[in-house]
Structures are given as structure tokens and as C-alpha cells.
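Walk through this model one feature at a time.

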Amino acid sequence: MTKLLKNFSYLAAAGALAVAAVLSSHQALAQGKPPLKIGAYLSVTGPAAYLGSGAMKTLEMVVDSINAAGGIDGRKLELVRYDDESDPARANTLVKRMLDNDGVQVLIGGSTTGTTMSAAPLVERAGVPMLSLAGGTVIIDPVKKFVFKMNQTDAMAITRLYEHMLKNKITTIGVLAGTDAFGRACLGAAQKLAPEKGVKIARDESFNVKDTDMTAQLTNLRQAPGVQAILNCGFGEPAVILTKNYRQLGITLPHYGTHALASDTFVKLAGAAAEDMVMTNGPILVWDQLPANDPLQGVVQAYVKSYQTKYGEAPSYFAGNAHDAMLAIREAVQRAGSVEPGKLRDALEASSFKGVTGPFQMSATDHVGLSAASLRIVQVKNGRWKLVE
């Protein structure tokens, strides 16, 4: 029993069940409840690997911890996991396999807007809930019955960035966006919100995911009349190239990015070119800078320290999204008293908990349950993250 309580300590710090519930779970396990099968398809390799690799590690860590503590509602967890290699077509194939052959009752994925949207029609037809870890607003707007999202939308990120720009008297910007699903969604959000927030987009440019040089697009933006800053609506390898080209051209305009970029991996790959970039993110990147009265401090620090202890590295924002997906599933199983997909869906729609990404409050009209205010503004300073606001 001592070992049981020790294994359970991580989840307790993150708002897990009381010890009495663990004892109840063990009693239920003895009665032979079938396991809960969770399917995960994430970008462990490929251009979006920095999104999916840490997320998969988190799922493995949390599943192991929950099982060591007796499972959820007396059920052990089985994690059926696949690497979609950052490819929407492969993601579609994998989700079909998990639905048709593996018998999963709930899905976590994809890591990108493209891989998520390729699978959304499948889960809607199958009636199996899916919790996406991607950023695009299109994932949950319009609301899809069985699709949920575990991080802030691109529109929320743009809202926070525009607020920061306006505080610094930046009203005219240029935007460089990828032609992938997230890039299109991010650009669309920037264009839609600009007149509402009092920001003017003087010019926008695009790049393909396989482009290896973006100096022409950046030059066009720099030369556009009145441009005071540039917004980078990209992620992965192309965004790193863009950032390096930014420095090579000697552009001194403020460089903004969304939470799709804010990771230690991005800073490592972009190097000095990332210095002074301003981005949105959850509290994970600056966990050790959170004030003592921050309502998320406890759950964030417990998760970060557990991840660091197990893997010898800091978790990313995207890894934290996976942590919150598991919290949502655990809460849904407890509320529903069932692992039937339809009942899990209904319970997920009523999710209310404090995650490491932010405080979640989902509803029938809101399948993300987060607000723009839950995002922090961070900046790269001396190769490290600084909490700005």
C-alpha cells in the first residue's frame, strides 16, 4: 500500500482522486472491469516532431502512473499509440485502424491541425470522442459533436498578441503564414481579428512547408509601407528557416509568433535568430517564474518536475496539452461511470478542471473550454524564456 500511495502522489498533486478512491479502484479491478482503450496518434517524427514527441512521452508517463495507482474507476488503461509522422494521410489511416481494429473508446490526437482535420470525419461517423492537441480554430469552430481540443486556438493567440502589440503602439504589421492547415487558419484569424482590435495588416506573404528560403517574402514585408512588426504564422522546420532568414536579413522589426512556435526545441534550432521573439504560451515554459498566487502553479510544477525526473528534460507546451487530455479523460470516466464512447463524449462536454495549459470549462457550445486570457506572453532572452505578462 505504501508503494501504491507513492505512485499516486503525482496525480494527487495534479488534482487526482483521493486515496479512498484508489482503494475503491482496486476493489473494482478485482471484479474484472474491462480496460479503457485510449488511442493516440501523434507526430513523434517528421516536421512536427517537436509537437508530438513530448506529448507521447507524457501520455506514457501518465498512463503508467494512473495504472500504478489502481486505474480509473477500477479500470486499467491500455494506450494504443502510433506515430503519424506529421502526415495527414497517414493519420487518417491510423485512425481508421484504431476505430475498426483496435477498438479504442477515446482518441488523443493529432499534433497538427492537418492531421486532426483528416481524422475528424472518421470519429464523427464512428461516434468516438477525440481530443486534439493542435492549434487551429477550425478544429472546434464550428463545434463538432465528437471533437474536442486541449489547447488555446490560433484566434486566442492572435488576440493576446494584438493586445501586446497595441500596448507597445504597434498598429500596422506584416504576416507570413504557411500554406498548411495551421498557417491558413492562423492567417485567417489574424485577418478577421485585425479590424476588431484596431490592427492593420499592410501585407501578407505565404510559404510552402518544403521551402528552404523565405528571404523574398520577408523582404516584401519589410518594405511594405508602415509595417512596424512581423507575425510568424508558422510552425516546425519552415518556421525555423524563416526565423534564421529574419536574422540574416538584419530585420530589426519586432518578431512575433504563436504558441505553435514556443518551445525549447524551436529556440535550440533557431539559435540566436530567436532572440527577442515574442510569443504566446501556457505557463509551462515559465513554470519557475509563476507568482506564488498563480492558481495553476501547483499543477504545473507537479507535472514539470515529474516529467523532468522521468525524462531528464523539460516538457513543452504541447506535452502539457497531452497531460490535460488525460485529466479530461479521467474526469469524464469518473463522471460517466462508463467507458461507452457516447457517454464519455457527454461527460467531456462538461469538463471543468485546472490543467497545465489553463483552466478548462467546456460546454455544448465550447469544445475547448479555454480563453485568450489563459495564454501568457513570453519572450526569448539570452536563449531562455522570460515571462512578460
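A helix axis here is a line fitted to C-alpha atoms over the stretch in contact, and the angle between two axes is taken between their N-to-C directions. The model is a predicted one.

Apply that to the pair H3 and H12. Helix H3 covers residues 49-68 and helix H12 covers residues 317-336. Their axes lie 7 Å apart, and the packing angle is about 35°. The crossing of H3 and H12 is right-handed. On the H3 side, the contact is made by Tyr50, Leu51, Gly54, Ala55, Thr58, Leu59, Val62, Val63 and Ile66. On the H12 side, the partners are Phe318, Ala319, Ala322, His323 and Met326. Sorted by class, this contact has eleven nonpolar residues, three polar ones and no charged ones.

Now take a second pair. Helix H6 (residues 154-167) packs with helix H7 (residues 181-197) at an angle of about 45°, and their axes are 9 Å apart. H6 contributes Asp154, Ala155, Ile158, Thr159, Tyr162 and Leu166. These meet Phe182, Ala185, Cys186, Ala189, Ala190, Leu193, Ala194 and Lys197 in H7. The contact of H6 with H7 counts eleven nonpolar residues, one polar and two charged.

Next, the empty space. Rolling a probe the size of a water molecule over the atoms shows where such space is left. How many cavities of 30 Å³ or more does the whole structure hold? The search finds two. The lining of the largest cavity divides into eight nonpolar residues, six polar and no charged.

Last, the backbone. Most residues other than glycine have a negative phi, and most peptide bonds are trans. Some exceptions follow. Gly109 and Gly110 are joined by a cis peptide bond, with omega about -5°. Gly110 sits in the loop between strand E3 (106-108) and helix H5 (113-126). Another cis bond joins Asp141 and Pro142, with omega about 5°. Pro142 is in the loop between strands E4 (130-132) and E5 (147-149). Ser86 has a positive phi, near 65°. Ser86 lies in the loop between strand E2 (77-83) and helix H4 (88-102).

Notes. Residues are numbered from 1 along each chain as its sequence is written. This is a predicted model: local features need pLDDT of at least 70, side-chain atom pairs count only at pLDDT 80 or more; totals for chains, interfaces and linings use all residues. Side-chain values use heavy atoms; hydrogens and water are left out. Axes are lines fitted to C-alpha atoms, for helices over the stretch in contact, and angles run from 0 to 180 degrees between N-to-C directions. Helices (H or I, at least four residues) and strands (E, at least two) are DSSP runs, numbered from the N terminus. Contact means heavy atoms within 4.5 Å. Ala, Val, Leu, Ile, Met, Phe, Trp, Tyr, Cys and Pro count as nonpolar, Asp, Glu, Lys and Arg as charged, and the others, Gly among them, as polar. On a 1 Å grid over the protein atoms alone, a cavity is a set of points where a 1.4 Å probe fits but cannot get out, and a pocket is an open set with protein on both sides within 12 Å along at least five of seven lines; lining residues have an atom within 4 Å of a point. Grid points are joined across faces, edges and corners, and a volume is the space filled by probe spheres set on the points. A crossing is left-handed if the near helix is turned anticlockwise from the far one by less than a right angle, and right-handed if clockwise.
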